[in-house]
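Please keep the viewer open while you read.

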Amino acid sequence: MGVAYDATTTSIEEAPLGADRPVSGLADEPVDHRFKALPPDAEGLTVGALAAERRNLFAGGFTTPVLALSAESVEHNLALLETYAERHGLAFAPHGKTSMSPQLFARQLEHGAWGITAAVPHQARVYRAYGIRRIFLANELVDAAALRWLAAELDSDPEFRFVCYVDSVRGVELMDEALRAAGASRPVDVVVELGAGEGARTGVRTEAECAAVADAVAATGTLRLVGVAGYEGEVPEASGERVRDWLRRLVALAVGFDRAGRFEAGEEIVISAGGSAWFDAVADVFAQIPELSAPVLKLLRSGAYVSHDDGHYRHLTPFNRVPEEGELQPAFRLWAQVVSRPSAEQAFLNAGKRDAAYDLDLPEAQVVRSGRDGTVRPATGVSVTGLSDQHTWVRTEPGAELEVGDWVGMGLSHPCTSFDKWQLIPLVAADGTVTDYIRTFF
């Protein structure tokens, strides 16, 4: 089963999608010490019962630090990418590693997603546990145990569609060996991954090597070649021109394979790319894909859009280059309290590396909520200079108002490493009402 979004209450409710475990079942999980920041007096309630109380984030007993996800911004971002994909004739399978949240996956599917992208077997298992019927695994899968599991999943559910990368002849041999040993009755659909250039990440480096991998796939009875794919975000010294050049190589590879009859007859042809930084280039080049022997699934895989951020992706989002297409909204805010004010120039908050993403940028102090009367003001003259495990180092300029007990609201950079520090995240409406709790599985 999946979830439905109630726009009037900004809550997440049950709706049928046919999962092994209904997303609504997450509401039955008990509130206890496992989950950071939840009100101590809620111990013993279920998550659903706590959500039904619609507590205020600031007055409802939540402890700091607490990560909040804006209900309105999440809904805005979901709708924006759906509209963008429709406008440009793209299918999309957002990368689930960003949130690892079945509730958000269900919302993405309701907003038109073809399926959900994974990177490793654990992620795919989470997806299947909550009924995801289409998974694109953006990696070569050579783990024999994972392939045994995959074979069983495919054999038990004829509606399950799975596609993964292949990028080496050896990888194809390992996949074939494991699937034959597992007695797989359905072949695994694969796409040849074209590397983004010398020194880039994974992927086959030359077209000749791509052909060799495709030949290896054709020699098996356990794999089917259905397309080509790659990740333009790894193009060395990426620019709009360089990224488009690589995307044109990817399309040309698909055209060449099609003319040579390498793709599985009668199947749609998958051509996939698209992280969160260059999907405008993907849209431009994919719009020029010529007619092939079968319909083409133009599959975008951007994932960070669901929450966006106040740092890395704020600067990189393609919507900066095409503002007429819309604007994503940052949905995260980490609230922490001032616990020490040792000097006029320095303060410390009670959030740290355990709570905030810091791999790309430090948190950004945005607002201060008075510990005395609850009024909110801009964090003028307040800046984050570092993080310890459980402290945020803050520098204050002369005249900055900040005292022990105040709450500081911070924007975060990099959604993936923001989500993975929190197992249960309050979904908060603009007025501070907590309408639901987003469960993650990292």
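This is a predicted model: local features need pLDDT of at least 70, side-chain atom pairs count only at pLDDT 80 or more; totals for chains, interfaces and linings use all residues.

The table sets out their geometry.

| Helix pair | Angle | Axis separation |
|---|---|---|
| α2 (residues 71–87) and α3 (residues 102–110) | about 40° | 9 Å |
| α4 (residues 121–129) and α5 (residues 144–156) | about 25° | 11 Å |
| α7 (residues 207–218) and α8 | about 45° | 11 Å |

Take α2 and α3, with their angle of about 40°. That makes α2 oblique to α3, and the crossing of the two is right-handed. On the α2 side the contact is made by Val 74, Glu 75, Leu 78 and Glu 82, which meet Leu 104, Arg 107, Gln 108 and Glu 110 of α3. Sorted by class, the residues of this contact are three nonpolar, one polar and four charged.

For α4 and α5 the angle is about 25°. Because angles under 35 degrees count as roughly parallel, α4 is roughly parallel to α5. Their crossing is left-handed. Here Pro 121, Ala 124, Arg 125 and Arg 128 from α4 meet Ala 146, Trp 149 and Glu 153 from α5. The residues of the contact of α4 with α5 comprise four nonpolar, no polar and three charged.

The pair α7 and α8 has an angle of about 45°, and the two helices are therefore oblique to each other. The crossing of α7 and α8 is right-handed. Glu 207, Cys 210, Ala 211 and Ala 214 in α7 touch Arg 249, Leu 253 and Phe 257 in α8. This contact of α7 with α8 holds five nonpolar, no polar and two charged residues.

Leaving out residues up to four places away in sequence, Gln 123 touches His 95, Lys 97, Met 100 and Ala 118. Between the C-alpha atoms of Gln 123 and Met 100 there are 7.4 Å, with 23 residues separating the two along the chain.

**Backbone details**

Most residues other than glycine have a negative phi, and most peptide bonds are trans.

Met 100, the contact partner of Gln 123, is not a glycine, yet has a positive phi of about 45°. Met 100 sits in the loop between β4 (91–92) and α3 and is buried, with a relative accessible area of 1%.

His 308 also has a positive phi, near 55°. This histidine lies in the loop between β11 (296–300) and α10 (312–316). Its relative accessible area is 5%, so His 308 is buried.

Which peptide bond is cis, with omega near 0°? It is the bond from Thr 64 to Pro 65. Pro 65 belongs to the loop between α1 (47–52) and β3 (66–70).

**The nonpolar cores**

The largest nonpolar core has 128 residues, and Phe 162, Val 188 and Phe 286 have the most contacts inside it. Helix α8 (residues 240–259) gives the most to this core, with nine residues. Beyond its neighbours within four places in sequence, Val 188 is in contact with Leu 150, Leu 154, Phe 162, Cys 164, Met 175, Leu 179, Thr 222, Leu 223 and Arg 224. Another core, of 13 residues, lies apart from it, and includes Ala 93, Tyr 165, Val 191 and Leu 299.

**An exposed loop residue**

Finally, turn to Glu 237, in the loop between β9 (223–229) and α8. With 65% relative accessibility, Glu 237 counts as exposed. The C-alpha atoms of Glu 237 and Phe 419 are separated by 28 Å, and the two residues are 182 residues apart along the chain.

Note on methods. Residues are numbered from 1 along each chain as its sequence is written. Side-chain values use heavy atoms; hydrogens and water are left out. Axes are lines fitted to C-alpha atoms, for helices over the stretch in contact, and angles run from 0 to 180 degrees between N-to-C directions. Helices (H or I, at least four residues) and strands (E, at least two) are DSSP runs, numbered from the N terminus. Angles under 35 degrees count as roughly parallel, over 145 as roughly antiparallel, 65 to 115 as roughly perpendicular and the rest as oblique. A crossing is left-handed if the near helix is turned anticlockwise from the far one by less than a right angle, and right-handed if clockwise. Contact means heavy atoms within 4.5 Å. Ala, Val, Leu, Ile, Met, Phe, Trp, Tyr, Cys and Pro count as nonpolar, Asp, Glu, Lys and Arg as charged, and the others, Gly among them, as polar. A nonpolar core is a set of buried Ala, Val, Leu, Ile, Met, Phe, Trp, Tyr and Cys residues joined through side-chain atoms within 4.5 Å. Buried means under 20% relative accessible area, exposed over 50%, partly exposed in between (1.4 Å probe, protein chains only).
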